Amino acid sequence: MSTQIRPAPVKRSIFVHAPQAHAFEVFTDGIGLWWPKTHAIGDAELDKPVIEPREGGRWYQRGVDGSECDIGKVLAWNPPSRLLLAWQLDPDWNFNADLVTEVEVTFMPEGNGTRVDLEHRYLERMGDRAEEMAEKVGSPGGWTAVLQLYSEASEK
Amino acid sequence: MTNAARLISALADPTRRAVLEKLKDGPRPVGEIARGLPVTRPAVSQHLKVLKDAGLVADRSVGTRRIYYIDPRGLGAMRAWLDQFWEAALDAFKLAAEAEAKKTNKKEGE
């Protein structure tokens, strides 16, 4: 079927009562302070996520057992105003080197604090992958895949 | 609700599954979807809304009519999930950044 959906980017803004450079630092170096603990990838319990502070740096999660799981990488490193990350997790929360969605975060001084704008874009690329997977299991239009998901989940 | 939970709850209702079945062979307006189903047209619209929120169907306007079709990739649900994820993450980030900023201020004031 040719009817495809191109989802709008996810956009979120928040105002932080902290200086711009500080906000950038807590977002990057301090990511372990705020990253939701419930979203660990891999089998090991999450210790903390790490963003390597340079363009081309890795973005990964470290498990309590010392194991590492990639989330993506740093595409642009412009402290204290901008960070561009590649989010390379598929809808099943598995790292996929061929999948690149972008998370752009900007930090703008505003009043007595900082406005932080986040945009997660190119989500349709996750759909391309989902569609490929659906084709591999021979389910046209993803319809069979949806029903399969439903029956698997309801059996649990 | 998680992505999977939303999908399951959307598909748990037999009428909603019947509505999806009707869209299997291509886009349809509400009237055509409601035909042959043992529920009212407003009820069908309500079911379509739930399916849309779950990212299972999408709609578009054709003239004065609204046409519904299956989202072949479930991206709506994925997007809804990420939206929720970033909202929670940024709230936690704000708390962390402001707590750290307070610590720094205290040190400087001493």
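In chain B, 47% of the contacts (heavy atoms within 4.5 Å) with a separation of 6 or more are between residues 24 or more positions apart. This is a predicted model, where local features need pLDDT of at least 70, side-chain atom pairs count only at pLDDT 80 or more, and totals for chains, interfaces and linings use all residues. Side-chain values use heavy atoms, with hydrogens and water left out.

Chain B has 5 helices and 3 strands, which come along the sequence as α-α-β-α-α-β-β-α. Helices (H or I, at least four residues) and strands (E, at least two) are DSSP runs, numbered from the N terminus. Of the 110 residues in chain B, 42% are buried, and buried here means under 20% relative accessible area, exposed over 50%, and partly exposed in between (1.4 Å probe, protein chains only). R35(B) sits in the loop between α3 (30-34) and α4 (41-53) of chain B; it counts as exposed because its relative accessibility is 59%.

Over in chain A, 7 strands make an open sheet, in the order β1-β7-β6-β5-β4-β3-β2, with antiparallel pairing. Two strands pair if DSSP finds at least two bridges between them. At the edges stand β1 (10-16) and β2 (46-51) of chain A, each with a single partner strand, so one side of each has no neighbour in the sheet. Within chain A, β4 (residues 68-78) and β5 (residues 82-87) run antiparallel and are joined by 6 bridges; K73(A), for instance, has A86(A) in β5(A) as its bridge partner.

Technical notes: Residues numbered from 1 in each chain as written. Chains lettered and ligands numbered in written order.
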